[in-house]
Amino acid sequence: MKQALLLAISLFAFYPTQAKEATKVVDLQVTQKGFEPNEIKVNAGTKVTLKITRKTDATCATKVHFKDQKITKDLPLNKEVSIDLGTLKKGDVRFACGMDMISGHIIAE
Ligand SMILES: [Cu+2]
C-alpha cells in the first residue's frame, strides 16, 4: 500500500518533466504566398517536428533547406514531409527554398 502510494507520488512528480519534453508538431504549407505560416513561435527547449505539405506547383519551394541544421528535404506536391528538428535552443531557426528566395523561421524563446 505504501509502495503504491510512493509510486503514485513519483509518477506525479515526473509528469511535468515529460510534458515539457513532448514534441510540438507544427503543420506548414507551401502555397503561392510561400511558407504558411512563415513565422512560428515555440518555447525554447521544445522538441519540434515540422510537417510540410506543398500545395502548389506555382512555387520554387520544391525543397526546404535548413542551413544551420544542414537539413535539406524534397517537398513533393501534396505529400506531407516530416522534418524532425530535435530540441530547439533559444534563438532563430531559418528555413528556405533551395535558392534561398522563399523563407520562414521558427523563433524559440
Ligand atoms: Cu526559390
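This is a predicted model: local features need pLDDT of at least 70, side-chain atom pairs count only at pLDDT 80 or more; totals for chains, interfaces and linings use all residues.
View 1. At 25% relative accessibility, Cys60 is classed as partly exposed.

**View 2. The open sheet β2-β1-β4-β7.** Four strands form an open sheet in the order β2-β1-β4-β7, and their pairing is mixed. The edges are taken by β2 (34–36) and β7, each with a single partner strand, so one side of each has no neighbour in the sheet. From one strand to the next the twist averages 25°. The strands β1 and β2 run antiparallel and are joined by three bridges; Phe35 in β2 is the bridge partner of Val30. Between β1 and β4 the pairing is parallel, over eight bridges. The strands β4 and β7 run antiparallel, with seven bridges between them.

**View 3. Strand β4 and its partners.** Of the eight residues of β4, six are buried, so this strand is largely enclosed by the rest of the structure. Lys51 in β4 is the bridge partner of Asp27. Leu50 stands opposite Ile83 in β7. Both Leu50 and Ile83 are among the residues with the most contacts inside the largest nonpolar core.

**View 4. The largest nonpolar core.** This core has 23 residues, and those with the most contacts inside it are Leu50, Phe66, Ile83, Leu85 and Ile106. At least two core residues come from each of β1 (23–31), β3 (39–42), β4 (47–54), β5 (63–66), β7 (80–87), β8 (91–96) and β9 (103–108). Leaving aside neighbours within four places in sequence, Leu85 is in contact with Val48, Leu50, Phe66, Ile71 and Ile106. In soluble globular proteins, nonpolar side chains tend to be buried together.

**View 5. Surroundings of Asp27.** Asp27 lies in strand β1. Not counting residues up to four places away in sequence, Asp27 touches Glu36, Pro37, Lys51 and Glu80. One of these, Lys51 in β4, is also the bridge partner of Asp27.

**View 6. Pro37 in the loop between β2 and β3.** Pro37 is found in the loop that runs between β2 and β3. With a relative accessible area of 37%, Pro37 is partly exposed. Residues up to four places away in sequence aside, Pro37 touches Asp27 and Leu28. A C-alpha separation of 9.9 Å is found between Pro37 and Ile106, which are 69 residues apart along the chain. Ile106 is one of the residues with the most contacts inside the largest nonpolar core.

Note on methods
Residues are numbered from 1 along each chain as its sequence is written. Side-chain values use heavy atoms; hydrogens and water are left out. A nonpolar core is a set of buried Ala, Val, Leu, Ile, Met, Phe, Trp, Tyr and Cys residues joined through side-chain atoms within 4.5 Å. Buried means under 20% relative accessible area, exposed over 50%, partly exposed in between (1.4 Å probe, protein chains only). Contact means heavy atoms within 4.5 Å. Two strands pair if DSSP finds at least two bridges between them. Axes are lines fitted to C-alpha atoms, for helices over the stretch in contact, and angles run from 0 to 180 degrees between N-to-C directions.
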